[in-house]
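Dear colleague,

I am handing over the structure shown below, together with an account of what was found in it. Please read the two side by side.

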Amino acid sequence: MIASTANSQSSRRLHPVSLLFEFASILRANVIPTIAAIVGTSRGGWVGIVVGAVVFGISAAVAIIRYVTFRYRISNGELIVDSGLINRVHRTVPLSRIQNIDLSQNLFHRILGVGEVRVETASGKEPEAVMRVIAIKEYSQLRNELLSFRNSGLDELREENVEQMPVSGSQTKAPELILALPTRLVLLAGFLSNRGEVIAGLAIGFLWQQRFSDKWFASEGWDKESVRESIREGAQGSASSQAIRWVRGLVEYLGTHTSSPSAILLVLIGLLIVFAVLRTFSATWYLLKFYGYRLERIGDSVHVRCGLLTKVSATIPLGRIQLISIQQKWLIRKFGLSSIRIETAGGEKESDDAASSIGRKWFVPIVDHSDVPRLLAILDPRLDRLDERIEWQPQAAGTKSRMFRSILVITTGVSLTLCYWSIVTGLLFGAAFVVLGWMYVGKKAKSLRYARTEWGLVYRSGTWERKTSITFFDKLQSVALNQSPFDQGWKMATLKVDTAASGPADHRIEIKYLDVERANSELRAIIQAVLPRMAGTQEKLVAEVA
Amino acid sequence: MGWLVFGLAIRQSFDAWQWLFLILIGIVVAMLVWAATFFPRRSFLASSWRLHPHGFEIRRGIWWRHRIFIPRDRIQHTDVHQGPMQRAYGLASLVLNTGGTHEPSITLEGIEIPVAESLREQLSKRDSSQVPSAAQADAVA
């Protein structure tokens, strides 16, 4: 049935409730006139009503036009999308080019059984087609067609590397569960991560700009009058003002009782409460985002689905993965956990689009570290038992000394500057920094690892946040060897490889502190691996390149 | 650091500041002379390119040395670029574009126009056995 529908079919429209969502989104985009209209109506002014009526009218018209003109169909291995009235757009996307097909559903979508669908190719910053909104049934059908197309022989333009995947596509139509996250683990991940701090940081920055800057600190005391004033002026409600007042009182109390033990205790308790609140924030964020997380495999693609209120799902063809990155923050590592990010070509680096960020940046938000090898083997069979087989390359002999020297230079600078005011402080600071620096350098040198295998490269770095990234020779775009003046002095070099990965893993494969001889031989070996396999000529060719 | 200590030691004396200023001017002049005479020659000698059957390699730099290799089938498209100065000397830059994220274009500067054009010719010829991957073809489009 699927094979027949993939060849040609009649045009399909969006779900009728699209009108509603389209209308709401246009209204949201014109929020100021809308507010003007509401205010105008409540005061009985006719200008507001007219503005409001115009905005509503235009929004409704635009929504209707978009709904009526939008059509899509799959025909002869292509997704064809028609839209627009004045600017008619006829877009043809070959199914073989489609990288991802993502679904996101907020609470209203879920009640109505619809979802927003994005179709992405490698080409650009924005999705090739956004279907806002179609019925879930339609989405499943679209996805099945795409997957069945990918698995059938029609996919002539498929990338070479896809062939290296097991050709199990045609048999395994049914999704096969790879990983499901229990709520307990999601909550734990939330408590261990600093999402809350990030959100709080943003909030503090916002508040600071809003009002704290002059109103709060300029006033002599924190009396009732200024509270009232701030309530009147500020955009915040009275609850936050009460909290501010309370904190302010506390700060004043502590200011007058600095040395008493009770004050120190209070500060400690306060910090603990703040910490707990922030971590609860973080856990809530994780719960909202990753509740019911499921990773499934369907043929040659993986499918991620999660979310408590807004449900998101993303489909990623395995052959399109450019880079796999296993990331462990310090606390996460201490709990024996990991997260996995993947990078595909195309898409924005810092995309806030829920589905694409789930599919890449938060591909596996949390997992038991011992389970990582199993997942890697599923993502690419070549990664099977990677841990056991990997042979890390040794670092250049002077790595630790070189790292330490740069710390020494900074320490000398800072401590000499401090000596200008107080010699004791300067020396103490210098001594402490040298000891800590040596310890840090030891950790850092230990964390840096690099390995070359028969299929690609593995690079690990990071003391605080450890990142281990894997890429494949067939994904490399260019290879470079760089030597800074310092590198030359230490007889070292930096090896860099570039892929088409869009960067959500935030880990560039840039191997520093390699012995120059080794770096050159690594470069030769990588070039050899990247070049097309041609029996006989290869040896000669590589000799020539070198 | 040395400069800071030196500066602190002599900050009482206005004459010393004048000396320092003169020394700095001397250093700048020496650097300019070096940049105008010896640097271009060394830079020229340090730069080279090589065309291989399956790729292109560039080496350049004296202080910051770079050696970069681009497999031929990863080159998306090539441009020949000429600035006003280059045109005056009959030179051109060859720009190789790949699908890479960090270094999507790699420039080879200061080659003669015929050389640049023949390189572009040769690099845009694809090996017929190579099927362009979807991602690459898309970026070209």
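Helices (H or I, at least four residues) and strands (E, at least two) are DSSP runs, numbered from the N terminus. This is a predicted model, in which local features need pLDDT of at least 70 and side-chain atom pairs count only at pLDDT 80 or more, while totals for chains, interfaces and linings use all residues. Residues are numbered from 1 along each chain as its sequence is written, and chains are lettered from A and ligands numbered from 1 in the order in which they are written.

Two backbone features with positive phi come first. Asp506(A), in the loop between strand S18 (492-499) and strand S19 (510-515) of chain A, has a phi near 55° although it is not a glycine. Arg385(A), also not a glycine, has a positive phi of about 50° and lies in the loop between H14 and H15 of chain A. A residue is buried if 20 or more other C-beta atoms, placed from the backbone, lie within 10 Å of its own, exposed if 12 or fewer, and partly exposed in between. Asp506(A) has 15 such atoms and is therefore partly exposed; Arg385(A) has 11 and is therefore exposed.

A cis peptide bond, with omega about -5°, joins Arg132(A) and Val133(A). Val133(A) belongs to strand S6 (residues 129-135) of chain A.

For chain A as a whole, the secondary structure comes to 20 helices and 19 strands, and 34% of the 546 residues are buried.

In helix H14 (residues 372-379) of chain A, the buried residues are Val372(A), Leu375(A), Leu376(A) and Leu379(A). Seen down the axis of H14(A), they fall within an arc of 100° (taken from the directions from the helix axis to the C-beta atoms), so they line one face of the helix. An α-helix has 3.6 residues a turn, so residues three or four places apart point the same way.

Finally, two helix pairs deserve a look; axes are lines fitted to C-alpha atoms, for helices over the stretch in contact, and angles run from 0 to 180 degrees between N-to-C directions. Angles under 35 degrees count as roughly parallel, over 145 as roughly antiparallel, 65 to 115 as roughly perpendicular and the rest as oblique. The axes of H2 (residues 18-29) and H4 (residues 46-69) of chain A come within 9 Å and cross at roughly 135°, so H2(A) and H4(A) are oblique. H16 (residues 399-419) and H17 (residues 423-447) of chain A pack at about 160°, with axes 9 Å apart, and are therefore roughly antiparallel.

With kind regards
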